[in-house]
Amino acid sequence: MSEIAFTPEQASTIAGRMDFLFYGWLGLSIFFFVAVVVAIIYFSFKYRKGSKADRRITGETEFMTLSITGTTLELTWTIVPLIMAILVFFWSAWLYVDFTQMPSGAMEVLVTGKQWMWKIQHPNGKREINELHVPTGVPIKLTMTSEDTIHSFFIPAFRVKKDVLPNRFSQLWFNATKEGEYHLFCTEYCGTDHSRMIGKVTVMSPERYQAWLAGADTGVAMASSGEKLFTKLGCVTCHTGTTPRGPKLAGVFGKEVKLADGSTLVADEEYIRESIMNSSAKMVQGYPPLMPLFKNQIKEQDLMTLVNYIKSLKDEKNGTKS
Amino acid sequence: MSSITLTPDIAPAVMPKSHYANVRTTVMSWLFTVDHKRIAILYLISITVFFAVGGLFASLIRIELLTPKGDFMTGDTYNKVFTLHGVIMIFFFLIPSVPATLGNFALPIMIGAKDLAFPKINLLSWWLYMLGGVLAVVVLLRGGLETGWTFYPPYSTTFATSQVTIAILAAFLAGFSSIFTGLNFIVTVHKMRAPGMTWFRMPLFVWAHYATSIIQILGTPVVAITLVLVAIERVWGVGIFNPQIGGDPILFQHLFWFYSHPAVYVMILPGMGVVSEVIPCFSRKRIFGYEFIAFSSMAIAIIGFLVWGHHLYVSTQSTYAGMVFSLLTFLVAVPSAIKVFNWTATMYKGEITFEAPMIYALGFIGLFLVGGLTGLVLASMANDIHFHDTYFVVAHFHYVMVGGMVMAYMCGLHFWWPKMTGRMYPGLLATIAAILVFVGFNFTFFPQFILGFLGMPRRYHSYVEEFQILNIMSTMGASVLGLGYGMQPFYLLWSLFKGEPAGDNPWRAKGLEWQVPSPPPTFNFPDGRPVVIEDPYAYTIDVKEADSVAQH
Ligand code: HEC
Ligand SMILES: [Cu+2]
Ligand SMILES: [Cu+2]
């Protein structure tokens with residue numbers, strides 16, 4: 001048994017700032033707590049029955065019983081906490097926005113949760129289970145989904161957590177700062193072995209990460225296995241060629257899409273996912289409802305690979321990938 | 001710390017010959033009584049049994065967590081144990097605890113009424129509760145429940161293999177019993193106050209129950225119907241919450257917390273009401289800031305309905321929605337702070353004694369403060385990313401619900417016990433129990449804050465080794481806590497037979513309920529309706545006081 005630690009390790013760029021908020025609030029809390037408790041103990045002692053304390057309510061001390069000055073007191077202890085609460089709210093909301101804004105140029109890793117394990121896939125296709133290897137100093141973006149019920153992905157040392165939902169993508173990012181090994185926990189109760197749905201996060205220097213990535217069991221790179229799926233599932237028949245029946249998918253990611261009902265949206269992972277699984281939900285303007293529903297026909301992990309493949313397709317005309 | 005002394009200026013008290021509890025003694029006369037006081041006793045007995053069962057499950061949890069390996073029971077068993085602990089403690093103990101027992105008993109007398117507005121609905125409420133309770137036992141006997149008390153789908157609708165549907169029915173019935181209690185209180189407070197009992201002469205206990213009742217009747221139907229939807233999806237496969245069949249699991253979380261956050265105020269407001277009665281009485285001082293305490297109860301009840309999304313910060317809820325919920329959660333803390341400051345100010349220049357109820361009340365303030373302040377850590381969006389679903393949350397809500405509500409319930413029980421039974425319990429034992437509860441509680445739950453900060457998730461049957469020492473501390477504390485709770489039935493039951501007669505008003509309290517005999521007669525006021533001329537906090541520091549309330 002190791003000695004007790006009272007604070008968790010800080011191993012990501014946000015950990016320090018999050019803890020600062022926590023300690024700040026802790027300080028304020030201790031101040032309030034001590035003020036009230038000291039007052040209670042002092043009154044308990046001074047005004048205990050039989051003590052000789054002055055209990056007359058006169059002059060200076062009348063503020064405690066007269067309603068007029070009592071009101072001032074009431075207003076004070078209403079307004080002071082109110083202002084403090086609002087200030088702390090702004091601080092925490094601002095940090096939250098900062099912590100959850102996806103950084104650009106992040107390295108993308110796919111995570112699939114299932115009862116009771118975490119399946120991880122790196123950009124080059126390398127897979128691991130209940131382990132996550134990441135380099136320091138690079139923002140890492142996790143795109144996560146679940147094959148069954150809700151899970152939640154939590155790395156205490158990085159101060160990151162996000163629920164992992166079935167039929168949906170959720171995302172989370174971090175930038176690890178310290179090499180070492182850290183815990184990965186599932187924090188949404190998911191049945192029998194919920195408490196065993198844990199893993200190890202290994203943070204390495206970028207060089208060692210590259211070496212690790214190139215090591216033995218590299219699978220087929222994510223995008224190229226995506227290409228295989230794209231052919232196998234017949235997507236090619238409608239989405240490629242000179243006169244395709246469906247819209248061109250190259251470059252669609254990150255672009256604005258006009259829908260049949262006249263609205264527009266920016267194609268993100270969630271939209272592409274929905275277009276594949278349930279194409280009739282959001283129809284692209286100018287196309288007939290030809291596309292088959294792939295719901296329940298594509299496994300979660302394949303779906304992720306496919307989405308990633310579509311993201312990687314570049315628009316031939318201007319060669320951009322958003 | 002003094003033990004109980006009877007008021008010096010009255011002759012040795014004697015029990016009244018005839019009172020509500022002995023007018024009729026058959027079992028049927030109890031099971032089908034419409035007397036609010038007898039129904040309160042029925043509730044008291046039933047919730048005590050459930051508290052014991054829930055406590056038993058808690059001790060199983062603490063034993064399992066002594067070691068990191070998860071070797072005392074299987075994962076499945078553990079999941080059932082913590083689920084049943086939660087379901088029983090919340091639906092069958094905490095929610096009815098103060099309102100259905102102490103509220104039921106004292107509220108009508110406190111406002112000078114001879115009963116609640118709808119005595120038969122009151123009885124129905126208890127029967128529904130018992131029906132729900134019996135179903136909960138059926139769940140237990142048929143293999144338990146492993147969804148967590150929160151019933152989150154799609155786990156509960158698609159993956160759980162246990163008695164989910166029956167458990168939902170049990171919670172549904174308990175919910176309606178709670179709605180009926182709330183309904184009864186609201187109508188009673190509006191319609192049955194004695195002459196002179198103006199709104200601002202009502203005891204704060206009554207105000208707190210009024211606010212609670214609003215939550216009960218507006219919130220409970222929502223959770224009841226939500227749970228029914230879970231059952232519908234589970235039994236007939238209708239896609240409501242499971243995304244695989246077209247549902248939305250986050251929708252459930254919104255609906256569930258729309259009730260279940262306000263429900264935590266159902267589990268704390270009545271406790272605050274108790275404390276607002278006890279502090280002035282044992283300080284011999286008028287309550288400080290009466291209107292502020294009364295209105296803060298209402299503010300909590302109303303704003304409390306608008307904060308549920310603070311349970312969804314990491315569930316893909318939009319950032320802006322999260323911000324609104326976060327701000328409102330910060331705001332709802334202010335009325336609670338106001339109460340704490342007013343209770344403290346009440347003690348100033350008082351003449352304070354430390355009988356058991358007062359010890360519980362002071363313990364309540366300290367523990368509730370910790371619970372409330374740590375609640376704001378969770379209200380803060382940035383921090384909640386880390387603390388959500390860790391032991392920090394577990395510690396926080398136990399500080400509020402056990403450190404707060406259970407302490408307050410015991411405070412009220414010891415305060416009104418002489419009124420309910422006509423007899424006094426041994427003061428020294430009660431004081432010792434109160435101190436054990438306070439100390440044991442802190443040892444149990446304080447380490448859990450640290451565990452949560454370190455990252456230990458809740459609902460974990462096994463855990464990583466570095467969390468062990470704190471878990472051992474927690475289990476040791478729980479033993480002390482259990483000892484404190486365990487003492488109570490013994491000396492309280494003993495007092496029923498051997499306790500000294502308490503007299504009408506052993507605490508020299510000012511509320512109307514203390515102006516009637518202990519135990520009170522069936523219709524509370526034998527000499528007809530009282531006329532109220534003063535508020536219930538007309539305490540003065542002089543020992544000899546006249547009754548503040550003119551009866552007849
Ligand atoms: C039978 C022809 C057909 C097949 C096969 C087909 N699609 Fe489609 N797809 C369409 C049509 C037509 C649309 C436009 C109408 C709509 O939104 O449903 C479309 C739309 C899309 C869109 C939205 C594009 C945009 O511009 O917003 C995506 C993404 C997509 N398909 C992916 C796929 C994938 C991946 C596969 C293989 C698993 C596939 N499609 C198979 C016909 C097809
Ligand atoms: Cu889990
Ligand atoms: Cu809440």
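Strand 5 (residues 139-146) of chain A and strand 8 of chain A run antiparallel to each other and are joined by six bridges, where strands are DSSP runs of E of at least two residues, helices are runs of H or I of at least four, both numbered from the N terminus, and two strands pair if DSSP finds at least two bridges between them. Within this pairing, A:Leu142 has A:Leu172 of strand 8 as its bridge partner. The model is a predicted one, in which local features need pLDDT of at least 70 and side-chain atom pairs count only at pLDDT 80 or more, while totals for chains, interfaces and linings use all residues. Residues are numbered from 1 along each chain as its sequence is written, and chains are lettered from A and ligands numbered from 1 in the order in which they are written.

The two strands belong to an open, mixed sheet of five strands in chain A, ordered 3-2-1-5-8. Because strand 3 (127-129) and strand 8 (170-175) of chain A each have a single partner strand, they stand at the edges, with one side left without a neighbour in the sheet.

Turning to ligand 1, 28 residues surround it, the closest being A:Cys235, A:Cys238, A:Gly246, A:Tyr287 and A:Met291; a residue is counted here if its C-beta atom, placed from the backbone, lies within 6 Å. Helix 5 (236-239), helix 6 (269-277) and helix 7 (300-312) of chain A are the elements that give two or more residues to this shell.

Helix 1 (residues 15-46) of chain A has 32 residues and its end C-alpha atoms are 45 Å apart, which agrees with the 46 Å that it should span at 1.5 Å a residue, the expected span being 1.5 Å times one less than the number of residues.
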